[in-house]
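Open the model in your viewer and keep the selection tool at hand. The stops below follow one after another.

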Amino acid sequence: MQCWRRVRATAIAVVAFICCVFATARAALSSEDEDAQAMLFSGRDIWRNGAFAYGGLVYAPGGFDRDGLLLKVLLSGGLYRYDAKNRGQTVVGAEWLAQILPGWRIKRGDAEFKFFMGPEIQQHRLWPDDLDNRLRGRSFGLRVTAELWYEPAPSMMIAADVSLSTIATSNSARAAYGWLVFEEMFGGVYIGPEVQYFGSDGYRQLRFGAHVTTMKTEEAEWSAAIGWARDSDGRSSPYVRLNWLRRQ
């Protein structure tokens, strides 16, 4: 009982922290500007063995329509569970992380590239404690990220990203392909397949699914994905991901 009380308290603290930072950033960037220099983003990711929330901002001093410097700030937190390797026991973990990543944007024709590199801090609490998990406790490291958005044709898109951290070799990758549909009804959204991978020391997860990208409303842009995930513990389930962004 005490273990689950700690889990709930940690989860509430992480979510409250992300919401407070997100609200502060939104208020600070509330002024309207025709040439947007900041992009706020937020998202949720849920599957059988984990639930995560994240948010942050990307700042482009020269705007998002030209090559130049970028600064990405990301905060994330959530709960997860896995099977301890040596004991066969289910371990519940709570994590939060922060990244401050300077970067650069390059636009060439119909392709856009973004590169980021900077410091990262992660905090993991485990119940019961797992001494064999390299992610336990507080860790500092370096994170490198690359992103691609390419439109090979007016009605097609390819998106990809890859990320690698020095903390327990944490890494992830995603690739997605989409066709533009519902141009008259919603102003056009991309729908298509995606594949996603997560990994760290001793753990792997692979996902296959479908995504809907660039659903636009008056002030924001939405994307979502749903599919099937399976990890190296042999557990599998559907997953759902929802993202939101707004340029200001």
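Start with the hairpin that connects strand 1 to strand 2 through two residues; strands here are DSSP runs (E, at least two residues), numbered from the N terminus. This is a predicted model, in which local features need pLDDT of at least 70 and side-chain atom pairs count only at pLDDT 80 or more, while totals for chains, interfaces and linings use all residues. Residues are numbered from 1 along each chain as its sequence is written, and side-chain values use heavy atoms, with hydrogens and water left out.

Select residues 38-47, which are strand 1. Eight of its 10 residues are buried (under 20% relative accessible area, with exposed meaning over 50% and partly exposed in between; 1.4 Å probe, protein chains only).

Select Arg247 next: it lies over the face of Phe64, at 4.9 Å from the ring centre.

Turn to the aromatic rings. How many aromatic pairs does the count come to? The count is four, where rings of Phe, Tyr and Trp (its six-membered ring) pair if their centres lie within 6.5 Å, and planes under 30 degrees apart are stacked, over 60 edge-to-face and the rest tilted. Trp149 and Tyr190 make an edge-to-face pair, 5.8 Å centre to centre with 75° between the planes. Trp149 is in strand 6 (residues 137-153) and Tyr190 in strand 9 (residues 189-200), 41 residues apart. Trp149 is partly exposed at 24% relative accessible area, whereas Tyr190 is buried at 7%.

Select Tyr177 and Trp179 for another edge-to-face pair, at 4.8 Å and 80°. Tyr177 counts as partly exposed because its relative accessible area is 24%, and Trp179 is partly exposed at 43%.

End with Phe52, Tyr80 and Tyr82, which ring pairs link into a cluster.

Notes. Helices (H or I, at least four residues) and strands (E, at least two) are DSSP runs, numbered from the N terminus. A charge sits over a ring if NZ of Lys or CZ of Arg is within 6 Å of the ring centre and within 35 degrees of the ring normal. Two strands pair if DSSP finds at least two bridges between them.
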